[in-house]
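Here are a few notes to read alongside the model. Have a look at it first, then go through the points in order.

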Amino acid sequence: RLAGEREISFIWGPPGTGKTETLAMIAKLFFEQGGRVLILSHANVAVDGAVLRAAARIGAPASSGLVVRYGWARLPALRQSGLQASSLAAAGRPEMRERLRELEDERGELLARLRAGGARGERLTEVERALRDLKAALKEAAARVCRAARIIGCTLSTAATDPVIYRDHYDYVLLDEASMAYIPQVFFAASLAGRKLVVSGDFRQLAPVALAGTPGVERWLKRDIFEEAGITAAFEKGLAPDI
């Protein structure tokens, strides 16, 4: 309820306390209010889990395209769910999927023959060019799936580097496992939120990983957003955070 009232909300809890399920319930709330939701996390597994839970909460079939996972999925359950944008894009284009498989098989055969000295490189070049064109067409189809979706999930790195994500509009951004995200990544996630940002994580777990020891790295890459917001210090003192 509070997440629906505040522009920025923080959710904290140890492992197994239901943070991701809470995010899924919030995603459903925002969905029912008519908004578009972007679910982000630093890791593929975390994104997969959040998208699966959100889809289960909403109850829409995967084929509806309302809930979409953009990018590579790690969890087998997500890959088999039909929620991936690439799967939805290819579902209505079986001839493209078949052609992709044929080209990939031919490429593999040509590479093996080339290594054995029994093939010329011209055909391999043609096949690789055809593969690039076909993959570009499928990526554009996946982008159309994302633009039509109401809830989209991807990693922070994908959101920052892929224009399919960062050039789109979202009313709400939900960030899971935020304690592992760099502070600048959280600021970037906030910049994508048209109305509200929800940050979920556990500052008792591992901090963001950074190797350098320069002042800038110490300040921005080795601390998490809970410390930056004063939540960690308030918790240690037994006080309510001043946010």
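Is Arg147 buried, partly exposed or exposed? Arg147 is partly exposed, at 44% relative accessibility (buried means under 20% relative accessible area, exposed over 50%, partly exposed in between, with a 1.4 Å probe and protein chains only).

1. First, some ground rules. This is a predicted model, where local features need pLDDT of at least 70 and side-chain atom pairs count only at pLDDT 80 or more, while totals for chains, interfaces and linings use all residues. Residues are numbered from 1 along each chain as its sequence is written, and side-chain values use heavy atoms, with hydrogens and water left out.

2. Back to Arg147: its salt-bridge partner is Glu140, with the closest N and O atoms 2.8 Å apart (a salt bridge is a side-chain nitrogen of Lys or Arg within 4 Å of a carboxyl oxygen of Asp or Glu). Glu140 is partly exposed too, at 35%. The whole structure has 18 salt bridges.

3. Arg53 and Glu21 also pair up, at 2.8 Å from N to O. This one links distant parts of the chain, with Arg53 in helix 2 and Glu21 in helix 1, 32 residues apart (helices are DSSP runs of H or I, at least four residues, strands are runs of E, at least two, and both are numbered from the N terminus). Arg53 is partly exposed at 40%, and Glu21 is partly exposed at 23%.

4. Next, look at Glu236 and Arg204, whose side chains meet in a salt bridge of 3.4 Å. Glu236 sits in helix 12, and Arg204 in the loop between strand 6 and helix 10. Both residues are exposed. Elsewhere, salt bridges that share partners join Arg219, Arg223, Glu227 and Glu228 into one network.

5. Cys146 is buried at 2%, and Cys154 is buried at 0%.

6. Finally, the second largest pocket is lined by 16 residues, and Ser86, Lys135, Leu138, Lys139 and Ala142 lie nearest its centre. Helix 4 (85-91), helix 5 (94-115) and helix 6 (121-148) each supply at least two residues of that lining. (A pocket is an open set of points on a 1 Å grid over the protein atoms alone, where a 1.4 Å probe fits, with protein on both sides within 12 Å along at least five of seven lines; lining residues have an atom within 4 Å of a point.)
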